[in-house]
Amino acid sequence: MQSKTWCCKLSRPLIRKDITRFWPIWSSYLAIWLMLLPIPLLNSLAESRSGRTDVLCTVYRQIVTAGGNASLVMTLIFGGLSAAAVWSYLFQSRSASLFHALPVTRGTLFVSHFAAGLGFMAVPNVLLAAVTYLCQLSAGCTDPMPILHWLAAVCLESLLFFSIGTLAAMLTGSLPAMPVLYGLLNFAAAACESLWSSLACLLYYGVSSLSARLTFLSPFIRLVAMSPGKCVSYVPAVDAGFPQQLQQFDPDYLRHLVRYGLAALALAAAALLLYRRRATEAAGDVIAVPRLRPAAKYAFSLFCSLALGWIFQSVFFPSHTGALSLFLCMAAGGAVGYIAAAMLLKKSFRVFRPRQMAGLLAVFVLLGGCVLCLRFDVLQVESRVPAAEDVASVTVYCDRTLTLSDPGGLRWTEALHRTALNPEERADPDTVPSEERLYFTLEYHLKDGSALSRNYCIPYTPDRAEVPASAAGQLTALMRQPAYALSSLLPPEDAVYENIELSLHTIRHLAAEGRGYEYDSCPVYSVDGDALTAALREDILAGRIGIWDPIRGGREAMLDLSFDYSLPGDRDTRWSYLTIYADEQPTRTLEVLTELGYLVPESEAPHA
């Protein structure tokens, strides 16, 4: 029987019954949070009061950490448990008939159970916030903002996941199906997108992944990928000379939670509409809404075509990526999902009838169309080449890394990208030996904030590298540009060197006295760093060292230089490494090392 009266008010007896009946849920939630937030905060504050860290930094760090993935996991689990508990009467015919026979409307039932289930987390959240604030007051920290931000974040997360759980309960009449549907509503969008990307990349040449555009439909995945906190500089009042990092809640993270909170209210409203039209006889059905059963069947079959298709492809065709094998694997997965869904919905094994088989044929047609679209690149994913004017920078990864942002370099990489897409420029593993294959990656950072990455394998031989129109020739010419080689081999000119290490291999004329040589290695004094790097730049620009040649494997090293440095305005330490080979002519570098006293002239070197 469907409700006809739109009366939504709270029923205290119903709320009180839910609280007393399902006390293990909210008490467990409260107990776990006590071990996650107030108790660790007290332990950290005890260390802060002993002078090890600043109190305010400790408070912010502990609360922001607790407001990250810990709160997401807690609200995800207990949001589903609370929803399953308060709506459990809908999954048995006797209890559903009893509740719906009470002298209250469906609206009153809904808002009362919804308030009780949400209160299983909301009330403990408020208590935890009060206890935590008292803990930080005991250490002399009166700033209420971190705990208020935590309270807002965890309450919005509780509302989100409990609303999703409520919607899942309204869509099904089976208790075992409820957690499955809850998991699908939380993760299906991201999982399907990831599986589709993996399968599509089997047919796209050079494409290793597709951009994720539907992750926002899986809120748990989207929020986990975001960082809830950000660090800002903070100067403690007791010691203004040593600024520390104060971790605060990121406003972008909170804004995302507000958007998800508004979406949760919409989900709750949809659940109310479904509940008002829900038939009491739907208890025990996998899908409680008759009109949604065909959509659920096709959606489940398509999900299985991706999940099982990926498994079948990995098991039966691990080294073959043809369109036919991909279609067969996806069709097999879709057939399993379609038949299983039909059996669950019909509650019978007798589903092999012409009408059901017609639906299965429609699934095969849809999957075949998707595979053909991939095979012929209808959406122009494989053939996409970003125009130079749309690119902020591009990084070329081979056995050397180049980052280009100048117009000339961007046009060069655009031409290289277009050439690498030609079928004759692809190194087929069946016909091209491994020693004649060269792999490189183009990683674009576009001006609109997006990114694009492509991986290619081209045939590379000395003769092919001399052909300017070939991909091998264009890549060789790009890598051998002295200015680009300089940027990939040495730190920037404004680098501040923290440590330079010189290691010798084939050079034996080293100056051992006073230089700290040990095992043919010694540190370079910081005052000598600028002179040494200037000599290296001169040799690189003159083409005497740093000449790129990927086929000369096993080259003998003359000397190695490692640089630990930082950039102005950046506190992070970076690392760079340069090898000069025995077949190169580092004339200026050797002269400077000799002038600085790290080497002695070869004529004066002691003979073995």
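Which residue stands opposite Val 396 in strand 4? In this predicted model, residues are numbered from 1 along each chain as its sequence is written; local features need pLDDT of at least 70, side-chain atom pairs count only at pLDDT 80 or more, and totals for chains, interfaces and linings use all residues. Side-chain values use heavy atoms, with hydrogens and water left out.

The residue opposite Val 396 is Leu 402. Helices (H or I, at least four residues) and strands (E, at least two) are DSSP runs, numbered from the N terminus, and two strands pair if DSSP finds at least two bridges between them. Strand 3 (residues 391-397) is joined to strand 4 by four bridges in the antiparallel sense. Both belong to an open sheet of four strands, in the order 4-3-5-6 with antiparallel pairing. Strand 4 (401-404) and strand 6 (451-459) are the edge strands, each pairing on one side only. Helix 16 (residues 471-479) lies across strand 3, strand 4, strand 5 (437-446) and strand 6, and runs at about 115 degrees to strand 6. Here contact means heavy atoms within 4.5 Å, while axes are lines fitted to C-alpha atoms, for helices over the stretch in contact, and angles run from 0 to 180 degrees between N-to-C directions.

Another open sheet of four strands has the order 8-7-9-10, again with antiparallel pairing. Strand 8 (521-524) and strand 10 (574-581) each have a single partner strand, so one side of each is left without a neighbour in the sheet. Strand 7 (residues 496-504) and strand 8 run antiparallel and share four bridges, with Glu 501 opposite Pro 523 in strand 8. Helix 18 (residues 529-541) packs on this sheet, touching strand 7, strand 8, strand 9 (557-566) and strand 10; its direction makes about 65 degrees with that of strand 7.

Turning to the helices, the axes of helix 2 (residues 23-36) and helix 4 (residues 55-86) come within 11 Å and cross at roughly 170 degrees. That makes the two roughly antiparallel (angles over 145 degrees). Residues in contact include Tyr 29 and Trp 33 in helix 2, and Met 74 and Phe 78 in helix 4.

Helix 13 (residues 354-375) has 22 residues, which at 1.5 Å a residue should span 32 Å; its end C-alpha atoms are 31 Å apart, which agrees. The expected span is 1.5 Å times one less than the number of residues. Just after helix 13, Asp 377 takes a positive phi of about 50 degrees.

Conventions:
Parallel < 35°, antiparallel > 145°, perpendicular 65-115°, else oblique.
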